Amino acid sequence: MADPRGVSETPAPAGGGGAAGRRGRQPRASTVLLRSLVIFELVNAGYLAAFDSATIFYHAQVVAHVVAGVLIVAVLLARGRSGVRRLLARSGPPAARRWLAAVGAAALVAVATSFVLAVTGTASRWKPVLYLHVGSAVLAFAAGIAWQVARGNRTGSRRVALTLLIVIAVPVAVRGRQWLFPPPAATIVNPTTAPLTPFEEGGGEKSRFFPSSVSTVGDRLIPHDFFLESKACGNRGCHPDITAQWESSMHHFSSFNNQWYRKSIEYMQEVAGTKPSKWCGGCHDQAVLLTGRMDRPIVEQIDTPQAQAGIGCLVCHSIVAVKDTMGQGGYVLEYPQMHRLVASGNPALHVLHDYMTRLDPGPHKATMLKPFHRSNRAEFCSACHKVHLDVPVNNYRWFRGFNEYDAWQGSGVSGQGARAFYYPDKAKDCGDCHMPLVRSDDQGNRDGFVHSHRFPGANTAVPFVNRDEEQLRTTTDFLRAGIVTLDVFAASEAAGPESRGRRAPARAPAEGPGQAEPQVAGFFPELPDAESAGTPVPGGFVPKGGRPVLVAPLDRADPFLRPGRTYRIDVVARTRGVGHFFPGGTVDAFDVWLELKVVDGRGRILFWSGYIEDGGKGPVEAGAHRYRSLLIDAHGNEINKRNAWAARALVYARLIPPGAADVGRFRVSIPGDARGPITISARMNYRKFHWYNTRFSFAGVSDPASPPGAVSRDFDDRVFHFTGDTSRVSGQIKEIPELPVVIVAEDSVTLPLLPSGRTPARPPRPQPMDRERVNDYGIGMLLQGDLVAAKQAFEKVVALDPNYADGYVNIGRVLIQEGSHEAARPVLTRALAIQPDLASAHYFLALALKARGRYDDALRHLRAAAERFPRDRVVRNQIGRLLFLKRQYKAAIAEFENTLRVDPEDLSAHYNLMLCYRALGRERDESREETLYTRFKADEAAQSITGPYRLRNAEMNLERQPIHEHVNRYVPGAGAAARRTESAPEVPGGRGAGR
């Protein structure tokens, strides 16, 4: 490699005259050019190494680096052999010549690798070549320094060494600072308080995107074509596989290319106006909202590219910050400079853009894949998968909508919840389930795999109407991958109406009357929290007299069924491979239910709960055991049009928490003429959208005879007919579709009838292998509030496995929920003797100690739980509560602020902060917390709306009860009114989907 100082072209005379002679002669023009190019290349390389900037200037420097390198090679070739001879002549001693040879060898490698990289670019697979190029260039300069020293030119060697040191030190310093002090937007951090009013959320009510919390850098509108370029990501040599996956995904079909969503917004804008619909647009319709088009009704622009764009690649990948985990579209999006080239109509600029990106993909990767995309995946997803509604949207008040993030964050699946029933072997987040690794040769793959951008979830409806068989198959496989299992587990002879038992009176909380924790305003369930081990219920279930003998597990039972008798069949549904409630999402709109069918040896149907009416094409029968959130508006009409903004009261919500269980109870009568054997079959069925909602979405029109005033933002009393024009609906099917029913899980047992005159054998003796099945049954009973059955189950669990610490914890949960705190202490102490670091045992033992006034001991156990799970909000709140009771108000405030760093909307933290500030006389802080507490707490008076509705709908009133039984509603010979679910399009589950 040439001497960057450009020394003279003739050998220097011996002695000290050489340096003076060099200073006295002018270098050749080629030497000046070569020196300038080398200096530029060094400075340019330092800049490129220090900054990954996705700007046109940066990429221009990348191209300039290549051009300068080509020019250096051209100058060296032009100087030819004569230039080499002159360098050899100037080298002097043999050691200098050897160093010159090293310079040449390293420079040759640097030049060769530069030509390779100019063609291939520097993507991950070519990184070794890039490192070789950089390393050989550095070695060439290092050898050049040694050459200068060997030939006696120490001044020149110092200059080159100093230049090289600066060029290396600057990038190292810049990168080191970025590593030590990442920019705030690189991670997602919560504030310690929430906005006092909805009008302060996001950019405030003056924001052009309000009431969505989305914002853009500078609050500027985004160019109209920005969100329409997703297909460009699939160009050859870029991400064709990922783009093809996205094409079928629900992100792509999040907007008005999805008929269900389209109809819900058309209806919302018709009734409530366009501004409230911007709340939806922040997460569904960025191409409409962020380009300034959502003030215009969507029916007037339904065929525009923006209305059909969905969530494109450049939505998620142009987000530069997520403000917090309060959701509502709370992210910041920036228009990247390089998009100007993509948006240009000049094909040459497109080619230039692609070449520059391939040449140095680092800035592209840094722009499109932020640190939070990898390290805060769940928090990133919370921006749109956690919502609440408030006055600007619902003209009512704050209430929690669907919330996948908090359910995950507080669970065992996240590795952050201290009180879970079960924990996976390894903590998981959203991406582990919904972006699984799939094979691909796309740029950016790792070992031949990329994260799937199909985002498999539970929406079978959209791919069905799009006739997208691959996406439908992916979704059904995902639903059937063991996320839920069923177990037809137990039976008992049914008690008569006179002996079914009573509800135990509710016990006062341990802190005294009036001190119960407030309930958050929400239309979806929360994870079981502080003072209860399960769903809050008025009191435990206490049977009248003795309970009937429980026969379990049924698959090993001897004959016990008698004709002419009635039995209660218990089916356990357990969540396994799911990190949030099952089902997830907007569960007011789905059909998810537990079906039980009983047939005798002749195939006669003896019992059937959960059939689909109208030959499999109608609604699910009203008496089915459903998993949903049932909401009503101000006049008691069901929320069935995806109009959650009109909801005013919750009738009931039943979902299964992650790593937990539910028990469906069915009252089955065996006729006297039944012939054995008796087969009992259970299925967990999933139809993406409610039967009514699908018909409304595709063909719903209001009755023109509806009286004036029949509809407002608070209610809709109109009758709807399903006779609308379907020729222009979104999707490939231009009629009301009959959606597939996916069998998520199934199980069955076949039991012989007991011969006449025979006495039933003793129930099967549970085996050690039954421990988990019995435990699941107990969990289901506990969460329903059947404390006696739960305790009996958990006592069997520890009898089967005396070293199973969680079994003792579960007994402690039951005892604490029924108020037997003193009795809970020894069993929880036993759990800690088996597993000293078991956080749930520490937590529940702390509750028992707290109830007995032993605050210091309780704090010790709570802090042990918090040490392992520092982000468990319930544990933090309990620590704060105890500190408050000890009058250590400042320490209590610090703990509640720890809670708010996890969830700034935590109701219990704001309630207790209000009390702390009141005790300290800090009136301004107290007022702020009281405002937030009042904002987030439930409106108990709203439940009065449910009374008339429940009187009219006995089945829904039954579903509202935590403990209830389902009776047979099937009428043989009823024809099309009651047919098997197979009549509907169906995707069966395998036998492995059972136990």
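Which cysteine does a disulfide join to cysteine 283? In this predicted model, local features need pLDDT of at least 70 and side-chain atom pairs count only at pLDDT 80 or more, whereas totals for chains, interfaces and linings use all residues. Residues are numbered from 1 along each chain as its sequence is written, and side-chain values use heavy atoms, with hydrogens and water left out.

One disulfide, defined as a pair of cysteine sulfur atoms within 2.5 Å, was found in a search of the whole structure. The bond joins cysteine 283 to cysteine 384, with an S to S distance of 2.0 Å. Cysteine 283 belongs to helix 9 (residues 274-284) and cysteine 384 to the loop between helix 16 (377-382) and strand 4 (386-389), so the link ties together parts 101 residues apart in sequence. Helices (H or I, at least four residues) and strands (E, at least two) are DSSP runs, numbered from the N terminus. Cysteine 283 is buried at 13% relative accessibility, while cysteine 384 is partly exposed at 22%. Buried denotes under 20% relative accessible area, exposed over 50%, and partly exposed in between (1.4 Å probe, protein chains only).

The sulfur of cysteine 316 lies 7.7 Å from the closest cysteine sulfur, that of cysteine 384, which is too far for a bond. Cysteine 316 is buried, at 19% relative accessibility.

An open sheet of three strands shows the order 1-3-2 with mixed pairing; two strands pair if DSSP finds at least two bridges between them. Strand 1 (215-216) and strand 2 (319-322) stand at the edges with a single partner strand each, so one side of each has no neighbour in the sheet.
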